[in-house]
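This report walks through the structure shown below, taking loops, cores, the chain contact and charged pairs in turn.

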Amino acid sequence: MANPVPVKITYCSQCGYAPQTLELTSALMKEFGTDIASITIIPWHDGAFDVRVGSELVHAMERDGGFPKNQTVIDAVRAHLQG
Amino acid sequence: MSVNLSAKFNEGRTIDQVKQEVEHEGGRGAEMWAFGEQSAEKANIDFGPFEALDKPVNLLILSEEWCPDCTDGLPIVDRIAKETGKINARVLKRDENLELADQFLNKGLWRSIPTIIVLDEEFNAVNHIAERPDNVTERRTELRKQLHAEHPEFGGFDTRPDELEPDVRSARMAAEAALKATTVEWSVPAIAAWIAEATTATATK
């Protein structure tokens, strides 16, 4: 069995991105259960919405624009688990 | 189908009403509003372009009370309106008006706020701007790069927050927030000039 992978979500708390953060967190918990080592939620500022899976920055709002689709992050986690 | 902008304008709140709601709610939003209002009051704004207008211009603004660029921008619009009498502003919540937001995307991509839609006398949209002027973003970025050069303990400008230890992250966020607060002397006049350019470029003089 693959090692569980950690996920970090950095979100701009001033920007009202809490709902998107919690929705993504919920989707990951539902999809992977204990296959995720941890989900760390980091409140930040400056319009951030970053998602890191393991060491890979899967999404950064300033780099990629907008929010990631939940499925994009789910696919990244699955790739890490199978890798 | 496009949204009826006249109806939306009439549906909007005045900036005074937004202020009352924010102050009633209290908390972080009220603190941000107070800071924006004080900054707008102290700033050396050029009212000339607005005073040169023959008639008041209607501005429909998409905003949210938790957004720092909105609590910076709305008090600036309010001061211009009260000093010159040449702006009629109405404010709608972006998240309750996504169809409208999608008609006026920032750079054709993003539902940025505030989005300021300039309307003609028949309530047709003639211009729109969003978030903040590029020159303000660029100048703040340069200052942040200087801050990081002076504080290598923050891990460097391109280091993501999640790569830092929590205590370093907190110190960096506080330093960046304090730095932004020092920019209001020039950023408020720059934002006012940006609004003037968007408003007066298309209005009847």
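## Backbone features in the loops of chain B

Phe123(B) lies in the loop between strand 3 and strand 4 (125-130) of chain B. The model is a predicted one, and in it Phe123(B) has a positive phi of about 65 degrees although it is not a glycine.

The loop between helix 6 and strand 3 of chain B holds Lys107(B), another residue other than glycine whose phi is positive, in this case near 55 degrees. Lys107(B) has a relative accessible area of 56% and therefore counts as exposed, the cut-off being over 50%.

## Nonpolar cores

Which residues touch the most other members of the largest nonpolar core? Among the 35 residues of that core, they are Ile76(B), Val77(B) and Ile195(B). At least two residues each are supplied by helix 2 (15-25), helix 3 (27-42), strand 1 (57-63), helix 5 (68-84), strand 2 (87-93), strand 3 (115-119) and helix 9 (184-200) of chain B. Helix 9 of chain B gives the largest share of this core, 9 residues. When residues up to four places away in sequence are not counted, Val77(B) touches Ile15(B), Leu59(B), Ile61(B), Ile87(B), Ala89(B), Ile116(B) and Ile195(B).

Apart from this core lies another one, of 21 residues, and among them are Tyr11(A), Cys12(A), Met61(A) and Val77(A). In chain A, Thr21(A) has its place in helix 1 (residues 18-32). Thr21(A) is buried, because its relative accessible area is 1% and the cut-off is under 20%. Leaving aside neighbours within four places in sequence, Thr21(A) is in contact with Ile9(A), Tyr11(A), Ile41(A) and Phe49(A); of these, Tyr11(A) is one of the residues of the 21-residue core.

## Contact between chain B and chain A

Chain B contributes 15 residues to the contact and chain A contributes 17 residues. Between them the two chains bury about 1,400 Å², with 52% of it on carbon and sulfur atoms. On the side of chain B, the residues that lose the most area to chain A are Arg160(B), Asp162(B) and Met173(B), which together account for 43% of what that side buries.

The two chains are joined by 5 salt bridges, and 6 residue pairs in polar contact, both at pLDDT 80 or more, are counted between them. Helix 8 (residues 166-181) of chain B provides 5 residues, the largest share of the side of chain B that touches chain A. The residues on that side divide into 7 nonpolar, no polar and 8 charged. Arg160(B), named above for the area that it loses to chain A, forms a salt bridge with Glu62(A), in which the closest N and O atoms are 2.8 Å apart.

## Salt bridges within and between the chains

Over all chains, the structure holds 26 salt bridges. In chain A, the side chains of Arg78(A) and Glu31(A) meet in one of them, at 2.6 Å from N to O. This pair links distant parts of the chain, with Arg78(A) in helix 3 (residues 70-82) of chain A and Glu31(A) in helix 1 of chain A, 47 residues apart. Arg78(A) counts as partly exposed at 29% relative accessibility, and Glu31(A) counts as partly exposed at 40%.

In chain B, Glu31(B) and Arg28(B) form a salt bridge through their side chains (3.6 Å, N to O); they are 3 residues apart in helix 3 of chain B, so about one helical turn separates them. The side chains of Arg144(B) and Glu176(B) also meet in a salt bridge, at 3.6 Å from N to O. Because Arg144(B) lies in helix 7 (residues 134-150) of chain B and Glu176(B) in helix 8 of chain B, this pair ties together parts that are 32 residues apart in sequence. Both Arg144(B) and Glu176(B) are buried, and they belong to a network of salt bridges that also links Asp46(A) and Arg172(B).

Methods. Residues are numbered from 1 along each chain as its sequence is written. Chains are lettered from A and ligands numbered from 1 in the order in which they are written. This is a predicted model: local features need pLDDT of at least 70, side-chain atom pairs count only at pLDDT 80 or more; totals for chains, interfaces and linings use all residues. Side-chain values use heavy atoms; hydrogens and water are left out. A nonpolar core is a set of buried Ala, Val, Leu, Ile, Met, Phe, Trp, Tyr and Cys residues joined through side-chain atoms within 4.5 Å. Buried means under 20% relative accessible area, exposed over 50%, partly exposed in between (1.4 Å probe, protein chains only). Helices (H or I, at least four residues) and strands (E, at least two) are DSSP runs, numbered from the N terminus. Contact means heavy atoms within 4.5 Å. Buried area is the accessible area (1.4 Å probe) that two parts lose on being put together, summed over both. A salt bridge is a side-chain nitrogen of Lys or Arg within 4 Å of a carboxyl oxygen of Asp or Glu. A polar contact is a pair of N or O atoms within 3.5 Å; within protein, one must be able to donate a hydrogen and the other to accept it, and residues adjacent in sequence count only if both atoms are side-chain atoms. Ala, Val, Leu, Ile, Met, Phe, Trp, Tyr, Cys and Pro count as nonpolar, Asp, Glu, Lys and Arg as charged, and the others, Gly among them, as polar.
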